[in-house]
Amino acid sequence: MSGKSDLTRVAPPKELSNTQCQAVFQRLERRLAGFRNTAELHGTIEAAFTNTGESSNVQEAYVRALNDWAQETLRNIWLACREPGGGKGPRLDPLSDTSTTGLPPLPPEDHLQPLLHAVLLLHVTSNKEYSSRTRAFLLFIGSIDEEVVAATLKNPGRAIEEAGRKTEAAKQEHARRSKVLRMVGVGVGAVAGGVLIGVTGGLAAPAVGAGVSTVLGWLGVGGTAVGMLATGLAGSSVVCGALFGAYGSRKTAQVIGEYTREVRDLAIRPVHLPKETMAVRLCVTGWLESPEDVTAPWTVFGQDDTFALQWEVEALQKLSTALLDLVKAQAMQYIKGEILKRTFLAAIWAALSPTIWMKLTKIIDNPWMHAKTLAVKAGKVLGTLLAERVLGNRPITLVGYSLGSLVIVEALVHLASLPPAQTLGLVQDVFLFGSPVSTDRAQWAALRRLVAGRLVNGYGANDYVLAVLARLSGMNWDVAGLQPVEVQGVENVACDQVDGHLKWRATIGQCLAQCDAPGIDREEVERQLAQRTAKLEEDMGMSEKEAERAVKAGPGSGV
C-alpha cells in the first residue's frame, strides 16, 4: 500500500482550471442536496409509521444531524474545488436546487478522482473519523481509491516524497523563471532528495505540515484547504488510531468483556489478516456445522477488512443438527414434495394434523427457540459494541443469514434507539438473507433511516424450512426471509435458488453476488458453491419421482 502514498493523488489536479472547478462544485452541490433529501425522506417515513411524539423528536434530531453532516461535506467540496465564489462558502438547505440538467458534465475519472480524494482527506483529518454518509455519497458520485487515502494517512512523509519526485522535473524546468519559483523548487527538491523520510522514520509533525504546504502550493492547491490538509496530515497518527480502531488490543477485549455478561460466548474474529482499510465489514453466521463456519462462509469477501462475529458456538452447532433432522422428517419430505408441485404453503399447512405439528415441534422447537433467544441477546450486545466503535471510526457493512440476520437486526434496533447524532455515520450497507424477523414496516423504516447506503433483504419465497420454523415459533406469515419488505428504500432480492433454509450457507456468496455486493471474490464463490452442493443434494435434494412418492405417502402420523 505504501506505493500508493502520493499527495498528487489526493489533491485536485492542476490541469483543472478554476472555471472547471466551479462547474464541478455546482454539480456536486446539487447531487449532495438530492442525497441529503433522500436521507431525510427515510426519517420522515419512519416517523409516519410510528406516529408518536417520541418519533417526532427522533425525526427532528436526525434532520439536525443530517444537516450538520451535509453542510460539512459541502464545505469540504468547496475547499477541494478551490473555494469558488470566495467568502465563507454556500449554505445547503432542504430547498437547495437538486437538478443537474444543463450543467457541464463532470471531468474524466483521472481528474475527478483526485478531487474526491481531497474531499475525503479533508473530512477524515478534520473529524478523525470516516462517516458512512460521506463514503456512500462519494461512491454515489464516482469511483474512489481508498487505498491511496489510507496510504497517505499512514505515511504522509512518503506521500510528500512521491509528490516531490513527480514535480521535480517540472520544478527544474520552471525554477529559473522567478525567484519565487526557485524558492518553491528548493522546498520540493528537499522533499525529493529524501529529507522528509516519513512518520515511521522519525519525521516531526511540523516538518510534515511544512512539506505538505509546499507541495500542495506547487500543485495549485491554495486557501484554507492547504492549512487544513497540512494540519491534518501532521497529526495523521492520531487520525489513524481513531480510524482503524484497535482490533486485538487489550482495550478492545475489555470493551467486549464489559458488554458480554448477557451472553456466554461472543468474540470478533478476522476472516483475513486485517490490513487497516478505510472501511470494515462484519459478518454473522446463522448456524454452525463446525466452529470453522464462524468465518468460512465469508472468505467470499476481499478488499475491505472483514471480520466475523462468533456467538454461542455450542447452541448453533446443536441447531445445525436439529435442522438436518427436521428436513429429513417424513412430514417435511411431504411439504417439500408439495412445493415441487407448486402447492401453496397455506394449503400444505391445512393438510398437517395437530399431532404432526407437535412432533415437528419436538425435533426443532427447543434448539431453534433457544438459539433465537440467544440471537436477540447477542444482537443487543453487538449494537452496543458498534456504538462504541470497537472496529474503528470507519464505515461498517453488516452481512448475515438466518439467525445471523436476527443478530444484526437487533443490533440495528439498538442503534436506532440512540441519539441520531451518535449513529448517523456508522453503518453504510446491510445485507440480510433468510431473516427470521417480521416485515413490520415501522421497524424496517427505522433501520432504513440508520443505514447510509443500501439495506438489502434477500428472501427465498419457497424456503419451506423457514416457513415451518416461523409457524412453530408463533410468528405470523409476514417473515422477511420469505417475502419482500414493503418499505421505501429497502432493496428486496428474490433468491429463488434457496428452496430450503439449509441452502443459505452454501449459496450465500452467490446471493451476495446477485445483489452486486462490493468486494465479492467470484472464484471463491464458485469454489464454495461447488464444494457444498453435493452435500446439500444428499441432505435436501428431491427428484420428481421422490416428490411423487413423498406426496403419495402423505405427511404421516409421525415424522
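Predicted model: local features only at pLDDT ≥ 70, side-chain atom pairs only at ≥ 80, totals over all residues.
1. Helix H1 (residues 18-50) and helix H2 (residues 53-80) have axes that come within 10 Å and cross at roughly 170°, the axes being lines fitted to C-alpha atoms over the stretch in contact, with angles from 0 to 180 degrees between N-to-C directions. H1 is therefore roughly antiparallel to H2, a term used for angles over 145 degrees.

2. Residues are numbered from 1 along each chain as its sequence is written, and side-chain values use heavy atoms, with hydrogens and water left out.

3. The mean pLDDT (the predictor's confidence in each residue, from 0 to 100) of the protein chain is 80, and 69% of its residues reach 70 or more. Over residues 176-207 pLDDT stays under 50, and for this stretch the model has 46 contacts beyond four places in sequence.

4. Asp 305 lies in strand E3, residues 305-311, and counts as buried because its relative accessibility is 3%, buried meaning under 20% relative accessible area with a 1.4 Å probe and protein chains only. Leaving aside neighbours within four places in sequence, the residues in contact with Asp 305 include Lys 275, Arg 281 and Arg 394.

5. Helix H19 (residues 464-472) is mostly covered, with 8 of its 9 residues buried, among them Tyr 464, Val 465 and Leu 472.

Note on methods:
Helix = DSSP H or I, 4+ residues; strand = E, 2+ residues; numbered from the N terminus. Buried < 20%, exposed > 50% of the residue type's maximum accessible area, 1.4 Å probe, protein only. Contact = heavy atoms within 4.5 Å. Parallel < 35°, antiparallel > 145°, perpendicular 65-115°, else oblique.
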